Amino acid sequence: MRVDDAADRFWVELRDLWEAAGPPPLKTAVRLGEVQVPPVTISDSTINGWLTRVSVPSERFTGYFEAFVPWLQRQAGQTPTRQSGQRWAQLLSAARAEQKRKQGSVSQGSGRPAAAVAAAPAAAPPTAPNGAPGIDRHRRMNFYRAGCGVGWKLHLAPLSESSGGIERLAEFLDTLRTLGFPPAEIERIEAYTSRIPAAESNEVGRALVVEFAAAMDGVVDLARELSSAEEFNWFTLGRLLHTIGYVVTIAWPDDPDIEGLRSGLFFLADLLKVPEAFRAELKAFATMPMPTPNQGDVFLEAHRLGQVCEAIL
């Protein structure tokens with residue numbers, strides 16, 4: 001295996017095993033950490049990042065991953081063996097080494113580029129979903145905006161009729177309709193505009209918000225099915241930028257899951273057809289020292305980079 005293939009090989013094989021196992025609900029995988037000794041706190045977004053080529057498990061989750069793979073193997077009707085455990089350990093080690101090597105080449109640089117980019121790139125015609133040249137730029141923009149909405153999922157939650165979430169959610173769902181998402185899925189998310197404000201107690205309201213967030217996460221797999229590779233890259237960019245900005249602001253100065261998201265953004269930058277200066281800015285954002293001097297620094301930078309994305313698209 002070439003070093004540059006290590007992460008791809010890891011992601012492909014893990015996704016294949018996940019699919020062979022059912023796939024199981026993410027919440028069940030989260031509970032697997034709760035029964036470990038000592039217990040491991042892990043979020044469904046972290047596990048989803050491993051399955052959607054966003055990140056590889058960090059050293060912090062080595063113990064969890066060593067239990068995660070045999071659990072998936074048993075769910076898939078396979079028998080975990082010492083040899084298979086060693087093979088997965090090698091896959092993970094190689095993927096980590098590749099990511100550290102690539103990230104190190106940026107972290108040792110001079111930092112953020114001197115100026116932001118606000119002009120569209122002069123690139124070769126991208127590929128449409130049917131393989132023909134000339135992708136619909138409106139679709140690409142809409143996939144990017146849909147990804148932003150998923151990243152901002154709790155910001156879109158209709159907490160009350162006057163919170164503004166209902167209007168923001170309506171715009172997001174209109175984007176999904178434009179992209180041809182299944183009406184049943186859109187209606188399922190839209191139902192929360194009445195269910196959450198009408199909750200009979202704070203406890204019920206919080207439970208509904210958790211359900212809403214899970215429904216928003218389900219948009220990711222649908223987006224992958226409905227988009228071309230390039231469109232999905234832009235969807236993922238919007239999702240990662242806004243998730244990072246949101247999570248760091250809420251959890252500042254520390255958050256155990258943020259490095260996986262930043263690592264995913266770093267490698268995604270190489271897949272985008274953007275000017276090199278902007279690619280460097282995305283990588284600088286993904287490797288900026290944490291914690292930042294001020295709580296809002298990451299949010300403001302994510303917002304600025306989002307504006308550049310809009311200009312490029």
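This is a predicted model: local features need pLDDT of at least 70, side-chain atom pairs count only at pLDDT 80 or more; totals for chains, interfaces and linings use all residues.
Q: Which residues does helix H7 cover, and how far does it reach?
A: Helix H7 covers residues 165–179, which makes 15 residues. From the first C-alpha to the last it reaches 21 Å, close to the 21 Å expected at 1.5 Å a residue.

Q: Which residues in H7 are buried?
A: The buried residues of H7 are Gly165, Leu169, Phe172, Leu173, Thr175, Leu176 and Leu179. They are on the same side of H7, because they cover an arc of only 150 degrees around the axis.

Q: And what is exposed on the other side of H7?
A: Glu171 and Thr178 are exposed there.

Q: What covers the buried residues of H7?
A: The cover includes helix H6 (137–151), helix H8 (183–190), helix H9 (192–195) and helix H10 (202–226).

Q: How do H6 and H7 pack, then?
A: Two packed helices are described by the angle between their axes and the distance between the axes. For H6 and H7, the angle is about 140 degrees and the axes are 9 Å apart. H6 and H7 are therefore oblique to each other, and H6 passes H7 in a left-handed crossing.

Q: Which residues meet there, between H6 and H7?
A: From H6, the residues are Arg139, Asn142, Phe143, Ala146, Gly149 and Val150. In H7 they meet Phe172, Thr175, Leu176, Thr178 and Leu179. Among these, Phe172, Thr175, Leu176 and Leu179 are buried, whereas Thr178 is exposed.

Q: What happens just after H7?
A: Gly180 takes a positive phi of about 85 degrees there.

Q: Moving on to H8 and H10: at what angle do they pack?
A: H8 and H10 pack at about 155 degrees, with their axes 10 Å apart. Angles over 145 degrees count as roughly antiparallel, and H8 and H10 are therefore roughly antiparallel to each other. H8 passes H10 in a left-handed crossing.

Q: Which residues of H8 and H10 meet?
A: Glu185, Arg188 and Ile189 in H8 meet Phe212, Ala215, Met216, Val219 and Leu222 in H10.

Q: Is Thr243 buried or exposed, and why?
A: Thr243 counts as buried because its relative accessibility is 17%, and the cut-off for buried is under 20%.

Q: What does Thr243 touch?
A: Leaving aside residues up to four places away in sequence, Thr243 touches Gly151 and Leu261. Gly151 lies in H6, which runs over 137–151.

Notes
Residues are numbered from 1 along each chain as its sequence is written. Side-chain values use heavy atoms; hydrogens and water are left out. Buried means under 20% relative accessible area, exposed over 50%, partly exposed in between (1.4 Å probe, protein chains only). Contact means heavy atoms within 4.5 Å. Helices (H or I, at least four residues) and strands (E, at least two) are DSSP runs, numbered from the N terminus. The expected span of a helix is 1.5 Å times one less than its number of residues. The arc is that of the directions from the helix axis to the C-beta atoms. Axes are lines fitted to C-alpha atoms, for helices over the stretch in contact, and angles run from 0 to 180 degrees between N-to-C directions. Angles under 35 degrees count as roughly parallel, over 145 as roughly antiparallel, 65 to 115 as roughly perpendicular and the rest as oblique. A crossing is left-handed if the near helix is turned anticlockwise from the far one by less than a right angle, and right-handed if clockwise.
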